[in-house]
Every structure is written in structure tokens, then in C-alpha cells.
Amino acid sequence: SGGIRTVLWVDSFQFVLYLLGGTIVIVFILNSHQFTGWNSLFEAGKMHIFRFQTENMFKDAWFMGSAFLGGTLLSFASHGADYMMVQRVLTCGNLKSARWAMIGSGIFVLLQFTVFLLAGSLIWVYMGGVELIKDRELSTFIVNNLPVGIRGILLAGVLSAAMSTLSSSINSLASSTIHDWMKTKATLFHSIFISGIWASLLILIALVFDEGNTAVVILGLKIASFTYGGLLSLFILARSK
């Protein structure tokens, strides 16, 4: 029947699957003959995590101050006002559990970013420093270099990463539409119908942005900066009454 219980179980399984995929890629490259060491990564500046110098912090997204300020506001909006994230915290039994869920979310996000940034850097070393196709580095490496069996598991991990927020998004959109907009009691038919409409709209949006020249992660953060800005402002104004 779906619902938040399904969202939690599916997202948890997808998280484990694609995190396992990134870890397998790291272990495979570190034990391969193509791995020539860490020196090339340091020389290319790919292990340079923080940037503390900039000419204009308002135009340089990689500057530490800009990243910290933007990340703070983004987290306030996503974990405090976006129902896609908040719906999970609302399933906690009490305030203490919800706080630990928020803290745990930050820890797991740091873990997954570390794993996949390291995997991407090691793929760059494995391929001899060749520039790879945008947003297809991991899948291209898996298809062309890994043995059968592991290849299937990792491709499932890539698909899980791509779909990791779909169930949460569709569930939150359907719930908000039925309870907040239509203000009607939810039935299974209504839920399925509204979920289908939002899923179709998400597919259309994805098709429009599929052939853009900007990396998907950067494009997603740009879009979020507009939507989350208004959402967080509205939330603060509503709470300040």
C-alpha cells in the first residue's frame, strides 16, 4: 500500500546497496595494477578539500565561507521545512529520537560523500587521468572494467542512487496534495492516482534537464537554492507570527 513505512525501508535498502557499490569500486581499484599511487591525486589537486582564498565569496561556490553559509541554509531548509525530509523525522517516537535522526543524517551524508568522491578520484587514476563523460563516470567504469557479477551488483547500486529520493518525493507530494490542498481523507485510490500524476510530472522534468551541459549535482543545487530559499523564508515568517 506504500506510505512512509515503505519509504523508510526502500530508502534504507537503496542506501546500503549503493554505498556498498562505491566501496567495492574503491577496493577493486586499490588492488588493481592500474593504481599507481596517491601522488597523482595530490599533484592534480584532487585531494584539496578546503579552499580558504577567493576574490569574491558571493560568486565562488567552492570558497569555504560560501560553502559553509550555503550548506547551513540549505540544511535548514531541507531538514527543517522540506516535507520530503521532515516526514521521516516525524516517524520518530519522541523529540530526542528525532534529534538523533538529524545528527545521524549528517554523519551518513558525510560518509557517502567521502566514499563516492574517493571512488571518483580513484577512477580518474585508474583511467590514466583521462577526462570522463559528465555524470557517467561511475557507470562507464563499471560496464567497461569490472567482471560480470560484480558489474550487475554495482549497476543496481547506481540505479539505487538515482532513485534514492524518488519514493520520498512522490510520497511527500501525494501526502501534501491530499491533506493540504484537497483537504480530504486519503484513500488508497486517491493516493495511487495523485502519486501517478506527480511521478509523470517528475519524469517530464527529468527529460527536460537530461541533456543539459551542467553536472546533475550542480544543477540540482542551483534549483534547490531557488525553491529552498522561498520555502525557508515562508517557514520563518510563519513561525515569527
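Modeller: Helices here are DSSP runs of H or I with at least four residues, numbered from the N terminus. Read that way, the elements of the protein run α-α-α-α-α-α-α-α-α-α from the N terminus on, and please keep in mind that this is a predicted model.

Biologist: How many helices and strands does the protein have, then?

Modeller: There are 10 helices and 0 strands, and the C-alpha atoms fill a box of roughly 60 × 50 × 40 Å along the principal axes.

Biologist: What about α1, how far does that helix reach?

Modeller: Helix α1 covers residues 4-30, and from its first C-alpha to its last it reaches 39 Å, which is close to the 39 Å expected for its 27 residues. Its buried residues include Phe15, Leu19, Val25 and Ile29.

Biologist: Which residues have the most contacts inside the largest nonpolar core?

Modeller: That core has 18 residues, and the ones with the most contacts inside it are Val25, Ile29, Leu122 and Phe141. At least two residues of this core come from each of α1, α5 (95-126) and α6 (137-145).

Biologist: And what does Ile29 touch?

Modeller: Setting aside neighbours within four places in sequence, Ile29 is in contact with Phe35, Leu122, Ile123, Tyr126 and Phe141.

Biologist: Switching topic, how much of the protein is buried?

Modeller: Of its 241 residues, 25% count as buried, while the protein exposes about 16600 Å², with carbon and sulfur atoms supplying 69% of that area.

Biologist: And the charges, how far apart are their mean positions?

Modeller: The mean positions of the 15 positive and 11 negative charges lie 13 Å apart.

Technical notes. Residues numbered from 1 in each chain as written. Predicted model: local features only at pLDDT ≥ 70, side-chain atom pairs only at ≥ 80, totals over all residues. Heavy atoms only, no water. Expected span 1.5 Å × (residues − 1). Buried < 20%, exposed > 50% of the residue type's maximum accessible area, 1.4 Å probe, protein only. Areas by Shrake-Rupley, 256 points an atom, 1.4 Å probe, with all protein chains shown as cover. Lys, Arg positive; Asp, Glu negative; His and termini not counted. Charge placed at Lys NZ, Arg CZ, Asp CG, Glu CD. Core = buried A, V, L, I, M, F, W, Y, C linked by side-chain atoms within 4.5 Å. Contact = heavy atoms within 4.5 Å.
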